[in-house]
Amino acid sequence: MPSVLVVEDDQFVRSALIRHLTEAGHTVRSVGTALEALREVAHFRFDVVILDLGLPDLDGSEALKMLRGITDVPVIIATARDDESEIVRLLNDGADDYLTKPFSVEHLSARMAAVLRRARAAGGEAPPPRVIQVGGLCVDPLRRQAELDGTALDLTRREFDLLAFLAGRPGVVVPRRELLAEVWQQSYGDDQTIDVHLSWLRRKLGETAARPRYLHTLRGVGVKLQPPAPEQPA
């Protein structure tokens, strides 16, 4: 039975979430402050955390950074904020997904199910795949490590999942719908989530969308990863 930590200071919203999640068969604990949340994850094991940003003692974005310092538990941000730059920052800081308030319980359930499926897959239920080599890029799915030209890449969990999926299909254009289904375990969603992770992944690979080396976007089609073209002699 999946266990959930709800971090929400609004008592009405908190009670509704607890009731819904309990009825859905989850074990639920709830707190109203960031510090209480940190104490909870330090003492109990959770399958997913639902984190509100507007907490009374500490902004949820700072709480997210502190959570990431002590646990790898999947975190879904619940926020009334829809600023794109903040969403980018939250995803880069380690959020696994986000929901903009108000949202339906059905939407929350779908996002939670996707996060939990992804977490189970990352836990090694499938046989460990081989090490993948594409040009100077080396991806080890078993150890969840990636190197570029012998230098280790510091990737978030989602960045690694995206890189490994594309590297396993070198030269193949993968439709965005397939990326959502296979990497995010979602049957629907917007392109912003993919674009955010591609942008940060490109930055760590030392390239840009305008000057790609490994990651190539075909507008309206999808994304492919392939080794860089050999440099032409001067």
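**Notes on the predicted model**

1. Strand 4 (residues 75-79) and strand 5 (residues 97-100) run parallel and are joined by 4 bridges. Two strands are taken as paired if DSSP finds at least two bridges between them. Ala78 has Leu99 of strand 5 as its bridge partner. With helix 4 (residues 84-92) between them in the naming, strand 4 and strand 5 make a right-handed β-α-β unit. Right-handed here means that, with the strands pointing away from the viewer, the path from the first strand over the helix to the second runs clockwise. Helices (H or I, at least four residues) and strands (E, at least two) are DSSP runs, numbered from the N terminus.

2. On the basis of the note: this is a predicted model, in which local features need pLDDT of at least 70 and side-chain atom pairs count only at pLDDT 80 or more, while totals for chains, interfaces and linings use all residues. Residues are numbered from 1 along each chain as its sequence is written, and side-chain values use heavy atoms, with hydrogens and water left out.

3. Strand 1 (residues 3-7) is largely enclosed by the rest of the structure, because 5 of its 5 residues are buried. Buried means under 20% relative accessible area, exposed over 50%, and partly exposed in between (1.4 Å probe, protein chains only). Ser3, Leu5 and Val7 cover one side of strand 1, and Val4 and Val6 the other.

4. Strand 1 pairs with two strands in parallel: 5 bridges join it to strand 2 (residues 27-31), and 4 bridges join it to strand 3 (residues 48-52). Val6 stands opposite Ser30 in strand 2, and Leu5 has Val49 of strand 3 as its bridge partner. Strand 1, helix 1 (residues 11-23) and strand 2 make a right-handed β-α-β unit.

5. The unreviewed UniProt entry annotates residues 3-116 as "domain: Response regulatory"; such annotations may be inferred rather than shown by experiment. Over residues 3-116 the chain is 48% helix and 21% strand, with the end C-alpha atoms 10 Å apart.

6. An open sheet of 4 strands has the order 6-7-8-9, with antiparallel pairing. Strand 6 (132-134) and strand 9 stand at the edges with a single partner strand each, so one side of each is left without a neighbour in the sheet. Strand 6 is joined to strand 7 by 3 bridges, and Val134 has Leu137 as its bridge partner.

7. Strand 7 (residues 137-140) and strand 8 are joined by 4 bridges, with Asp140 opposite Gln145. They form a hairpin with 4 residues between them, and Arg144 in the turn has a positive phi of about 55 degrees. The hairpin of strand 8 and strand 9 has 2 residues between the strands, and Asp149 in the turn has a positive phi of about 55 degrees. Strand 8 (residues 145-148) has a covered face, Ala146 and Leu148, and an uncovered one, Gln145 and Glu147.

8. Helix 6 (residues 157-167) is largely enclosed by the rest of the structure, because 10 of its 11 residues are buried. Among the buried residues are Phe160, Leu163 and Leu166.

9. The lining of the second largest pocket has 13 residues, of which Arg45, Asp47, Pro74, Ala119 and Arg120 lie nearest its centre. Helix 5 (residues 105-122) gives the most to this lining, with 4 residues. A pocket is an open set of points on a 1 Å grid over the protein atoms alone, where a 1.4 Å probe fits, with protein on both sides within 12 Å along at least five of seven lines; lining residues have an atom within 4 Å of a point.
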